[in-house]
Amino acid sequence: MRTTVDQSHSPSPHSLRNKLARVLWGIAYICLFRPTPKVMHRWRRLLLQLFGARIGRGSSIYPSVRIWAPWNLTVGSYSSMAHHVDCYCVDKITIGDHCTISQYSFLCTASHDYHLASQPLITSPIHIDDGVWVAADVFVGPGVRIGAQSVIGARSSVFNDVPAKVIAAGYPARPLKPRIFGNAPS
Amino acid sequence: MRTTVDQSHSPSPHSLRNKLARVLWGIAYICLFRPTPKVMHRWRRLLLQLFGARIGRGSSIYPSVRIWAPWNLTVGSYSSMAHHVDCYCVDKITIGDHCTISQYSFLCTASHDYHLASQPLITSPIHIDDGVWVAADVFVGPGVRIGAQSVIGARSSVFNDVPAKVIAAGYPARPLKPRIFGNAPS
Amino acid sequence: MRTTVDQSHSPSPHSLRNKLARVLWGIAYICLFRPTPKVMHRWRRLLLQLFGARIGRGSSIYPSVRIWAPWNLTVGSYSSMAHHVDCYCVDKITIGDHCTISQYSFLCTASHDYHLASQPLITSPIHIDDGVWVAADVFVGPGVRIGAQSVIGARSSVFNDVPAKVIAAGYPARPLKPRIFGNAPS
């Protein structure tokens, strides 16, 4: 008899293979990833790669970052995910080169279909292109693509695609102005 | 001589009995609730029930959920509270059947009366009716009632009552459209 | 060869002395600050003072508060920082007397200059004057001053200065009404 319902009123959509892999990753995370000093970026990259993540050289995944399924994560080179980022990669999350995901941000690939009473899980991938900065405590929802070199302001919630080379912010996040490189306005 | 002031400039409004009960619950939480594997929903329900919570069958309270005072918590059947939900039940929190409270959401029954310089604690109960989905990282403030089968969008902040069968979102959360069951619009 | 990049694409802007001091503080934090029972406010004040913080009598810094560099923190008397406040004092944070910083709030003194591709770290101090209440899960950005006796509503994001004696809220937080002491309106 089944008496518990995880995440939704539907039966779990995850395969036994997925569940077992996540149990193994959970143990590795608690024992070998989470308790490491911040400077051990190379070690955490290796551990994530062993669990199927693709992570380029020089990228920093901080020890308090949560990753649902490393095999759904691709990160380019010289990117970083700071303290307490939640990388909820039920679906694919792809992050380019030279990106910064600041502390407390939440990349969320999963939702529920609320048109049905059973609310089945629905997922959609997230793409963050090269040179993007997602500032602190930003929410990025399922299916979102953030174009290259854009900046998402702190505490924004991103539900729709963001074009390249803009500063976007708010709830929901909207482009506010172009991103122009050069000296800061005085 | 009293040199520390907890949550406000007023003397603590909590009775010695309340404080002792919370110390006991805090020890039980750290030793017996927090370190359990996710699947042990039945065990955590039992533990909460021992501390006075009323929780229906099939409901899932994840191990990282924070609960201020279990004796102020009522949850129906087949509901779930996901990772890192903060159930700050200084006053009563009542959740119906088939509800989902997604990760990082914060149900906050307490505030301070800022009309007085001493800012005394004020509390008001929260009611979440049957079939509600509170999506990720939502704030629900003191005194709020969310009507049956409504959905609160991710990252919203709810300061006022939400009627039944609506999709509500934003800061402050407002109803945006009715919730209609059937196929998703294409 | 340098293969990791911390927080930004620029070389770390922090001196070796700063880094060593933070390693020492990190060890003290994990061993002596974080695991203490809530009531041991006097002990945590002493510990912070040993690392250069100035904290007045009767102030309460909860054990789950994160403090980046205690030597950049000044707190007056009878103030409190509640559970899971993040005091990200890369630059100075100054909090007056009789202030309350509620749970999950994030005082953030650092940002990146996004006008340059290297995104160097930029910092600016935060000032919170006497008698201010920063409610739950509020973000206070770099360079912000909040005037005496003002209240910032729960879940607000403060990017600009807030004058004294107002209630402010929203994204971005704006003054909504004056703060008037006396009986609450019925």
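This is a predicted model: local features need pLDDT of at least 70, side-chain atom pairs count only at pLDDT 80 or more; totals for chains, interfaces and linings use all residues.
Tutor: Let's start with helix α2 (residues 41-50) of chain C, where His41(C), Arg44(C), Arg45(C) and Leu48(C) are buried.

Student: What makes the buried residues of α2(C) line one face of the helix?

Tutor: Look down the axis of α2(C): its buried residues fall within an arc of 105°, so they sit along one face. The background is simple: an α-helix has 3.6 residues a turn, so residues three or four places apart point the same way.

Student: And what covers the buried residues of α2(C)?

Tutor: The cover includes α1 (16-33), β1 (54-55), β2 (60-61), β3 (66-67) and β4 (73-75), which belong to chain C too. Just after α2(C) you'll find Gly52(C), with a positive phi of about 100°.

Student: Over to chain A. Why is Asn18(A) called partly exposed?

Tutor: Asn18(A), found in helix α1 (residues 16-33) of chain A, has 14 other C-beta atoms within 10 Å. Buried takes 20 or more and exposed takes 12 or fewer, so with 14 Asn18(A) counts as partly exposed.

Student: Now chain B. How do you know that β1(B) pairs with β4(B)?

Tutor: Pairing takes at least two bridges, and two bridges join β1(B) to β4 (residues 73-75) of chain B, so they pair, running parallel. In β4(B), Val75(B) is the bridge partner of Ile55(B).

Student: What makes β1 and β15 of chain B edge strands?

Tutor: The open sheet has five strands in the order β1-β4-β7-β12-β15 (chain B), with parallel pairing. β1 (54-55) and β15 (145-146) of chain B each pair on one side only, and that makes them the edge strands.

Notes. Residues are numbered from 1 along each chain as its sequence is written. Chains are lettered from A and ligands numbered from 1 in the order in which they are written. Helices (H or I, at least four residues) and strands (E, at least two) are DSSP runs, numbered from the N terminus. The arc is that of the directions from the helix axis to the C-beta atoms. Two residues are in contact if their C-beta atoms, placed from the backbone, lie within 7 Å.
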